[in-house]
Amino acid sequence: MNFVFDRLLGGKNGAIGLAVLAALILIVLPLALDLFRLNLVGKYLTYAFAAVSLVLLWGYGGILSLGQGVFFGLGGYCMAMFLKLEASDPEATKIQSTPGIPDFMDWNQLTQLPWFWEPFESFGFTLLAVILVPSIFAFIIGYSMFKRRVGGVYFAIITQIIALILTVLIVGQQGYTGGINGITDLKTLNGWDIRDDSSKYILYFINAFLLFGVILLCRFILTSKFGRLLLAMRDKEDRVRFSGYDVSNFKIFIFCISAMISAIGGAMFTLQVGFMSPSFVGIVPSIEMVIFAAVGGRMSLIGVVYGTLVVNFGKTMFSETFPELWLYLMGALFIAVVMYFPNGLAGLWEKYGDKIVVPIKNMKIISSIKLMIESKRLAKAKASNE
Amino acid sequence: MSNTDFTLAIEDLTVSFDGFKAVDSLNLYLDKDELRVVIGPNGAGKTTVLDLICGKTKSTSGSIKFKNKELTKLAEHEIVHAGVGRKFQTPSIYENLSVYDNLEVSFPRGRSVFGSLAFKCDEEVDSRIREVAKDIFLEEFLEMESALLSHGQKQWLEIGMLLIQEPELLMLDEPVAGMSVKERELTAELLNRICMGRSVLVIEHDMEFVEKIAHKVTVLHQGKILAEGDMQTVQNDPNVIEVYLGH
């Protein structure tokens, strides 16, 4: 009980924060928004996975990755490959010169399914791949960099370049990947139509529950000794090393976990939006994810979810009215956050939250309710005494 | 190299940076229960010797044997596991953690990735933390954020972070730098207490302090040993007077 309350929920304040977020995502938004808007929120929440992963990696670990889009994309592509194969049965693709393979392969004169597509016929394999492919990829990158003690700015630049390389690779290998258009026209998941209204609701809630699961997982990691070691490494890496820890192993592990978390978001993105393309892999989305985390507060698992929602709503609103201005605004927002409120929304809440909470607590109606409860309790105690 | 009875046996140790020999065929032996102070002018190679022992710098040639185990081939964390602890010149503590957490993180259990995830701060850990905190005069500051400690207290905390690992060789780089007179006295007492059952290697400039703690003094000059012996002998050595104390 103590373990769950103190460590996973983060004590009283953490539990309240989580409950408020849960009420917003699971009750308020589904009731208040129409399905189109709710689906948009669902899409934003998949980015929140990447933002949460950056809390671990960047906020606590001090390792800035400008390539979380890579893992988001890999997760998304794994899921998209499965869905695409299911959508490309011989019946549906009988007008192609080679029926039974995805349409873009046919357009690129492929006559056979490439070997690495074949395992994605299996749903079980796909689920494993969503988790494992990005983690293994992160392990390879992490191992080769952290064991050589590459860090800081160099790490950020290299991850950014990896994002660029992967985009170029996906765009260039059209026949295998669907190229710049990505993998589109996804229809069913094991025969279940993912495009109709009820499945959109179901996917939204699955996504929300996964997000909360991931937040709890992160809480578990951050409240363990591992979490304190992350902070210690960020602060004084040498002291940790000369206290008997193999620092690189810790960095590799946290990088793999953050890759896995982003990938889950990517897979949920594919399911909810119905396609995956290189525009969610490259440099721009990767940096956007960092901005979500910065705006929300990179030390707060809950804050970054709000950050992601706020920035994305802003993006949708502004880009509907002033599409050219948005990128500049986003840049300005990032600079403003870094310069004036480095702990983001979570930091502002910590600083000014009391000013909002205390008046509410002191409102007449609340205090009269409190009084009522208190007097009832007293009466009960009296009764039991007698 | 042959095996010896010494806790630490450094033989023919050399490190050269682009031809400059910061440490030049150094021989140094340290006994159990011994507190050795290394002194020497700036650039004599004192800190480099500590760097070499703890693996921060790799030697060019020579051997460092700790309990007859060759250290020069080991990674930094393996050297720590072998029982070597090192305090840095500027206090290296985790400023954004509490004093308690600083000590807990240094407790020698749960040192692997998964070990640290499963680590529980149980009775044993807690009592050890309190014991060490008492040793380093910080028992009343356990809950304080360590950034708020005074400079001297930070030095103590770092020593405590090493003590909790119960190292058999403790290396301290200028432990009393920035300390008040009172703090220096307490530190001298602390060092005299903790050299029991282990070997301690201290680099220090403050001669008054050296006199209080040193069993034996080694004077380094240009990467070589200039003199070695008790404080009296070293202070009267004409070579030492010329290069160091005479200034």
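Helices here are DSSP runs of H or I with at least four residues, numbered from the N terminus, and their axes are lines fitted to C-alpha atoms over the stretch in contact, with angles running from 0 to 180 degrees between N-to-C directions. This is a predicted model, in which local features need pLDDT of at least 70 and side-chain atom pairs count only at pLDDT 80 or more, while totals for chains, interfaces and linings use all residues. Residues are numbered from 1 along each chain as its sequence is written, and chains are lettered from A in the order in which they are written.

**View 1. Helices α3(A) and α14(A) cross at roughly 135 degrees.** The axes of α3 (residues 35–60) and α14 (residues 303–321) of chain A come within 8 Å. The two helices are therefore oblique to each other, a word for angles that are not under 35 degrees (roughly parallel), over 145 (roughly antiparallel) or 65 to 115 (roughly perpendicular). Residues in contact, meaning that their C-beta atoms, placed from the backbone, lie within 7 Å, include Y44(A) and V52(A) on α3(A), and L309(A) and N312(A) on α14(A).

**View 2. Chain A touches chain B.** The contact takes 21 residues from chain A and 23 residues from chain B. On the side of chain A, α10 (225–235), α11 (237–241) and α12 (247–273) each give two or more residues, and α10(A) gives the most, with seven.

**View 3. P90(A) lies in the loop between α4 (68–87) and α5 (103–107) of chain A.** Leaving aside neighbours within four places in sequence, P90(A) is in contact with P99(A) and G100(A). P90(A) and P102(A), twelve residues apart in sequence, are 9.7 Å apart in space, C-alpha to C-alpha.

Methods. Two residues are in contact if their C-beta atoms, placed from the backbone, lie within 7 Å.
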